[in-house]
Number of protein chains: 2
Amino acid sequence: MDTRTAYREHLAEMARFASALALLGWDQHAHMPKKGGVFRAQVTAMLAQMHFERGVSDDLGRYLDELKSDTSLSEAEAGSVRRIGKEYKREKAIPPALIAEVAAARSEAQQAWAQARQASDFSMFKPHLEKMVDYGRRFADYYTYDEHPYDGLLEGFEPGMTVNQLHEIIEPLRAQTVPFLKKLLDEGEAPDPSLLTGTFDVDVQRKLAHRALEAVGYDFDAGALDDVPHPFTTSIGPDDVRVTNRYAPDYLGSGLFAALHEGGHAIYNQGMPTDLFLLGIPGGSSNGIHESQSRMIENQIGRSLPFWRFFQPILAEYFPQFSDASPDDLYRASNHVSPSLIRVEADEVTYNFHIMLRFELEAGLIDGSIRVADLPRLWNEAMERYVGVVPENDAVGVLQDVHWSMGAFGYFPSYMLGNLYAAQLFDTLRQGRPNLDEEIASGDFTGLLGWLREHVHQYGAIYEPTELMTRVTGKPLDSSHFVNYIQDKFSAVYKVK
Amino acid sequence: MDTRTAYREHLAEMARFASALALLGWDQHAHMPKKGGVFRAQVTAMLAQMHFERGVSDDLGRYLDELKSDTSLSEAEAGSVRRIGKEYKREKAIPPALIAEVAAARSEAQQAWAQARQASDFSMFKPHLEKMVDYGRRFADYYTYDEHPYDGLLEGFEPGMTVNQLHEIIEPLRAQTVPFLKKLLDEGEAPDPSLLTGTFDVDVQRKLAHRALEAVGYDFDAGALDDVPHPFTTSIGPDDVRVTNRYAPDYLGSGLFAALHEGGHAIYNQGMPTDLFLLGIPGGSSNGIHESQSRMIENQIGRSLPFWRFFQPILAEYFPQFSDASPDDLYRASNHVSPSLIRVEADEVTYNFHIMLRFELEAGLIDGSIRVADLPRLWNEAMERYVGVVPENDAVGVLQDVHWSMGAFGYFPSYMLGNLYAAQLFDTLRQGRPNLDEEIASGDFTGLLGWLREHVHQYGAIYEPTELMTRVTGKPLDSSHFVNYIQDKFSAVYKVK
């Protein structure tokens, strides 16, 4: 068997393990009964171990080595060799004993975090977080980095991104959006968000979410929509990309925008060629690029006036109380800006502030300039500085996110980058489809989907973010697109100049 | 590591593979999107192969050999060694090349069967069935047998059962129930089944099925209820036993009795100690004993007057049109006897006739006394003789069941044995709980469940059917219990003497 064939078979076998693991994970959140968790953990651990072993095997290393200079590979194969090659190097850099040690510590840290959040007592989490930060530093060293240890961690979520680049991206963003938020709140005329509140049957909301997903081009013959406490999207196979969602009985926006968000992730994965799945790169260019697809469908599309022109009559079919609601009122109600404590509930204007403060704190933890003991105080100070509100306890402050308990340092920036990528991609998309607003208002999403498929989805992980952005928009990430988008949109909604 | 520990670890690893496979299978029928099937087949095949390899490994053979005379084993361990030892011998008896060959032929036969049934054209299926029969004979030879080749196949579904025993069981059964059916139809006063027909919202039916399952003691914290085209129950873990169901929009009995049937299977599996799952014997004593648990909950309980005394007010909560229905009318409507063409729709009186004719035909196919070409004619003749109706085409006749296309010769008798075991067990149960009717009528199923747990469920596959029946009821299977049950019940319902 030639090396290319052997490589493909090796990756296809890993893809089969990954599929079983994705199903086990999906089921665990969507359907598994309470008592099923104990044994499930053993099943998952066994298959994850088998998958991991194949990901660090000497055979794979040899294939990667032989293929990295093979010019006869297809674009997808070459992309796979690059990506898997990087992952292989990172996986191999960590001593196996450390991996097992961290897995055990992570499990304890997650439990401690959940209890600490429940009790709103940071001290219960502190020793575990100190341990996870220490592991984070050690991982960064093993991964190696040029400038800042955090770069070694960032690479795992946002290939090519560095602390220095992030500072360069954040500075102008902060300089323009922090005063803009203040201006909106001080001088603007806030829209009435109450239109989307009330009592909404969850079964009907689920049908509405189904309808919205269909509208944006999600293929239910290659997917499914299930209920979970925390929505996510998962690829169980190349033609099996499932969306999960949750619904608030008293707020329609919760379930609807979450469905559109996950739908954005899902159409990205559905738009990738099967070959990428079989070649071991079933995800997108990066976490941030993936998030750009979900945020674009959620915000640039879902929270737009053209969308509500299309969707108001559909909404009224499911909830007749909206028969007389105007698209403009629904649009405005969807764009209420409200500085709040919780990241996942943040509006488009304040969302990035939540990320900036997390990035500053975790970069400081990893380079040693911030001590875990000081986190609650630093968190609250940064919340006041950026968002203008201060948590009354740690449960709704420094303890709100699961990420640090998992040792997932470097993950948060992707959320902000997603917003920035989305705005920049959307500007290019608009240039290519000048009638986009009319298309969306008439319920025709094929132009939107076609553009995303052609310029983003089909490439999956073949290109890293900077290369992808340059190919599609002509330049690397530039946060001015986001700043302009936010200022234009919310100046109009809030009637400020 | 001592052999006992090594054996336990080997079986626990196999149980983890079996769990993943059960989840893949459950998902395939309950949730997987249409396009997901192609890749799913590859994932399932890979894990099935890994599971199979461990089931025929030399290590396992050595453990079994060393442990079979180890008197220090627990009852569960000894039961596992007996059962797994038998399975091991059977698996090893078949040449590996033949297994792969049959898998391919089975896949083709199943497709041909589906197409033949669609077209109601037996000739399309005939060459495939001939092939499957031939494999059946070869398997019987490999498995070995004392009296009749079919015995070698029966053993895989009903350990210890033989053709001769089946004839001895069937003869008196036939002699008494065939004329009894005729008497019912000729002289009886048929109850009105229309009470359970109408228009019934499927979402509400699903909630009713949920309520019925809760009532009989199914633990939803260790299970789930999902929709599928063909209901089944599956053990995904020792504390994760899932029920699936389907609902007819125009007939309430379809979804309700299927739920109770699957609930009977499910409480059996939920009632087994975790250790049996980990020791590789997650199922019951036999297919027939498993079926006895489902049939008892469906028929002896669900189609009883005490059940309807309890359940009528609950039914009326979900479907108010039943507010004035009497428990007796519901009981009678649930027990309408109607000779029909389709096994899975058969009532309690005629069900066994469908099995008897399949048993006669497939035993004849395997011993060579019946040719595949003659099957449609022989089927129709037997239908007329037993049930009194003749299929107008093969789709609703000889082509109705999937089993033969899978080469599952020897499976059918379990369905009949389940009815017989159920009646015999239920007589013993009644002796132990003289107030059972009052308990059920008041909605107290704890006595029923407790008895089944104590006498049947907890033993899982530790005892083979004859040993289990003898332990519980004091004697091996005796069909007179079923005959008496049917005659008493339906004489009353049909008001015949």
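Visitor: Which domains does the domain assignment of chain A give?
Guide: This is a predicted model. For chain A, the assignment gives domain 1, covering 3-93, and domain 2, covering 120-497.

Visitor: What distance separates their centres?
Guide: Taken over C-alpha atoms, the centres of domain 1 and domain 2 of chain A are 27 Å apart.

Visitor: And how many residues does each domain of chain A put into the contact?
Guide: Domain 1 of chain A contributes 21 residues, and domain 2 of chain A contributes 22 residues.

Visitor: Which elements supply the domain 1 side?
Guide: On the side of domain 1 of chain A that touches domain 2 of chain A, α1 (3-30) and α4 (75-93) of chain A each provide at least two residues. The most come from α1(A), with 12 residues. By class, that side of domain 1 of chain A holds 11 nonpolar, 5 polar and 5 charged residues.

Visitor: Let us turn to the two chains. How many residues are in contact between chain B and chain A?
Guide: The contact involves 29 residues of chain B and 30 residues of chain A. On the chain B side, the elements giving two or more residues are α1 (3-30), α2 (37-55) and β2 (233-237) of chain B.

Visitor: Which of these gives the most?
Guide: That is α1(B), with 7 residues on the side of chain B that touches chain A. This side of chain B comprises 14 nonpolar, 6 polar and 9 charged residues.

Visitor: What rotation superposes chain B on chain A?
Guide: A rotation of 179°, with a shift of 0.1 Å along its axis, superposes chain B on chain A with an RMSD of 0.1 Å. This is the relation of a two-fold axis.

Visitor: Which residue of chain B comes closest to that rotation axis?
Guide: A20(B) does, with its C-alpha at 3.6 Å from the axis.

Visitor: Now some helix packing. At what angle do α5 and α6 of chain B cross?
Guide: Helix α5 (residues 96-119) and helix α6 (residues 122-143) of chain B cross at roughly 150°, and their axes come within 8 Å. That angle makes α5(B) roughly antiparallel to α6(B). The crossing of α5(B) and α6(B) is left-handed.

Visitor: Which residues meet there?
Guide: Among them, A105(B), A109(B), A112(B), W113(B) and A116(B) lie in α5(B), while F122(B), F125(B), L129(B), M132(B) and Y135(B) lie in α6(B). The contact of α5(B) with α6(B) divides into 13 nonpolar, 2 polar and 2 charged residues.

Visitor: And how far apart are the axes of α8 and α15 in chain B?
Guide: The axes of helix α8 (residues 163-187) and helix α15 (residues 351-367) of chain B are 11 Å apart, and the two helices pack at an angle of about 140°. The crossing of α8(B) and α15(B) is left-handed.

Visitor: Which residues make up that contact?
Guide: From α8(B), V163(B), L166(B), I170(B), L173(B), R174(B) and T177(B) meet N352(B), M356(B), F359(B) and A363(B) of α15(B). By class, the contact of α8(B) with α15(B) has 7 nonpolar, 2 polar and 1 charged.

How values were computed. Residues are numbered from 1 along each chain as its sequence is written. Chains are lettered from A and ligands numbered from 1 in the order in which they are written. This is a predicted model: local features need pLDDT of at least 70, side-chain atom pairs count only at pLDDT 80 or more; totals for chains, interfaces and linings use all residues. Two residues are in contact if their C-beta atoms, placed from the backbone, lie within 7 Å. Helices (H or I, at least four residues) and strands (E, at least two) are DSSP runs, numbered from the N terminus. Ala, Val, Leu, Ile, Met, Phe, Trp, Tyr, Cys and Pro count as nonpolar, Asp, Glu, Lys and Arg as charged, and the others, Gly among them, as polar. Domain bounds come from an automatic or database domain assignment. Copies are superposed by least squares on the C-alpha atoms of residues with pLDDT of at least 70 in both. Axes are lines fitted to C-alpha atoms, for helices over the stretch in contact, and angles run from 0 to 180 degrees between N-to-C directions. A crossing is left-handed if the near helix is turned anticlockwise from the far one by less than a right angle, and right-handed if clockwise. Angles under 35 degrees count as roughly parallel, over 145 as roughly antiparallel, 65 to 115 as roughly perpendicular and the rest as oblique.
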